[in-house]
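Please keep the displayed model at hand while reading the points below.

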Amino acid sequence: MQERIDTQIWELGEQGSTGNNARKVLGSASVREAAALLAEGKLIAFPTETVYGLGADARNTDAVAGIFAAKGRPSDNPLIVHIANRSELDAFVAEVSESDEKLMAAFWPGPLTLVLPVRPGALSPKVTAGLDTVAVRMPDHPVALELIRASGCPLAAPSANRSGRPSPTLASHVREDLNGRIDGIVDGGPAGVGVESTVVRTNTLGGATVLRPGGVSVDELSRVLDAPVSQVSADHGADLDPEAVTAEAEPIQSSPTEAGSHNAELRSELRDDITQGGATEEAPRSPGMKYTHYAPSGQLEVVSGSDDQVEKKIRERLAAARVRGEKTGVLVFDEHLAHYEQLADVVLSLGSQYDLREAASRLYAALRQFDESGTTYMLAEGCSEEGIGLAIMNRMSKAAGGRIHRV
């Protein structure tokens, strides 16, 4: 790709708020300028309620190829298409099921991505990695929605970071990774949720499978669908092996009479999501399913279990790291900060252990802080895998390359 010499940043003045620290910029000249560049096939980073995304016209193959080049992203990792209105789906989605309609009504705009059958030829094949499905969401952020509307484009938009790095929750994070590689950044302040959207594929029984945990929980999905919802494991390696994914998919709710037939069909559909025609190397249906992501430069390990056992293990691992001459860091909840203030070189907080949404919003920024401080070895406290805790543990596991100590 042609190297961009400098990346334009539009800093949007605060003119009111619409939640999640969003800045109200509807109709602003800066958004219209960024939208015009998107319509020309340029690459623009923009805020959403989850993380910052790197947008390009999803119909323009050259523009979409620019996303992969800028990020250094594997070409078989599909992209999520962002829209601003439900009616936009008709141009590139072949069919929307009743279950998908229920989820849209309940969670759009919001941090939920749906995997839907794509209309042949309507989008660049690079968006879907050549699959017959496309992942779509409607972000809950006034800047993102106005940008999409003004551009007139469905926007393919993965997280606006170099592939494998922690996702950006501030415009400054985008600039650190992509300055000179993209055409502009719309600065809308800090992202709110802090972890990417939940990715879901519905099934013919009215239920669904969560392919990537995120800002919408399994319990919330189950309540809306009134049908069983299953999920892949939060562990790093579980979604690399199709048989392992199928074996570890957990039914969240089902009646005794429905459970057997539902689970059998669900396992079949989940296997189909990850393998095709007997092959085990199909592109994943969802971003985040196949590759290590979100990783800091140093080595991260996660310790999960009872408070006492977690503290004991972290102390042991820190002592060993000091002997090796590592610059150490810990990422723990507020309630435990005092235990490590004299034991690690860098001590960062996830917030209260009783507010996991705060932990989600802090996670990626903390991983970047470790990099900025030159930390070479880090330990993070794990959390419950209920609700958004599943998304937090999924991201931590991937950032740690699967190095989780369960004590």
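Arg368 and Asp177 are both buried, that is, under 20% relative accessible area, where over 50% would be exposed and values in between partly exposed (1.4 Å probe, protein chains only). The model is predicted, so that local features need pLDDT of at least 70 and side-chain atom pairs count only at pLDDT 80 or more, while totals for chains, interfaces and linings use all residues. Residues are numbered from 1 along each chain as its sequence is written, and side-chain values use heavy atoms, with hydrogens and water left out.

**Salt bridges around Arg368**

- Arg368 forms a salt bridge with Asp177, the closest N and O atoms being 2.9 Å apart, where a salt bridge is a side-chain nitrogen of Lys or Arg within 4 Å of a carboxyl oxygen of Asp or Glu.
- This pair links distant parts of the chain, with Arg368 in helix 11 and Asp177 in helix 6, 191 residues apart; helices (H or I, at least four residues) and strands (E, at least two) are DSSP runs, numbered from the N terminus.
- Arg368 also forms a salt bridge with Glu176, for which the closest N and O atoms are 3.1 Å apart.
- Because Arg368 lies in helix 11 (residues 356-372) and Glu176 in helix 6 (residues 171-178), the pair ties together parts that are 192 residues apart in sequence.
- Arg368 counts as buried at 1% relative accessibility, whereas Glu176, at 44%, counts as partly exposed.
- A network of salt bridges links Arg165, Glu176, Asp177, Arg368 and Asp371, and a search of the whole structure finds 15 salt bridges.

**The pair Glu385 and Arg406**

- Glu385 forms a salt bridge with Arg406, the closest N and O atoms being 3.5 Å apart.
- Since Glu385 lies in the loop between strand 16 (377-381) and helix 12 (389-399) and Arg406 in strand 17 (residues 404-406), the pair ties together parts that are 21 residues apart in sequence.
- Glu385 counts as partly exposed at 30% relative accessibility, and Arg406 counts as partly exposed at 45%.

**Helix 1 against helix 5**

- The axes of helix 1 (residues 29-39) and helix 5 (residues 142-151) come within 8 Å and cross at roughly 50°, the axes being lines fitted to C-alpha atoms, for helices over the stretch in contact, with angles from 0 to 180 degrees between N-to-C directions.
- Helix 1 and helix 5 are therefore oblique to each other, given that angles under 35 degrees count as roughly parallel, over 145 as roughly antiparallel, 65 to 115 as roughly perpendicular and the rest as oblique.
- Val31, Ala34, Ala35, Leu38 and Ala39 in helix 1 meet Glu146, Leu147, Ala150 and Ser151 in helix 5, contact meaning heavy atoms within 4.5 Å.

**The loop residue Gln353**

- Gln353 is placed in the loop between strand 15 (346-349) and helix 11, and at 24% relative accessibility it counts as partly exposed.
- Leaving aside neighbours within four places in sequence, Gln353 is in contact with Asp307, Phe333, Glu335 and His336; the C-alpha atoms of Gln353 and Glu335, 18 residues apart along the chain, are separated by 7.2 Å.

**Helix 12 and its surroundings**

- Helix 12 is mostly covered, with 11 of its 11 residues buried, and these buried residues pack against strand 10 (208-212), strand 11 (229-231), strand 13 (299-304), helix 11, strand 16 and strand 17.
- Just after helix 12, Gly401 takes a positive phi of about 60°.
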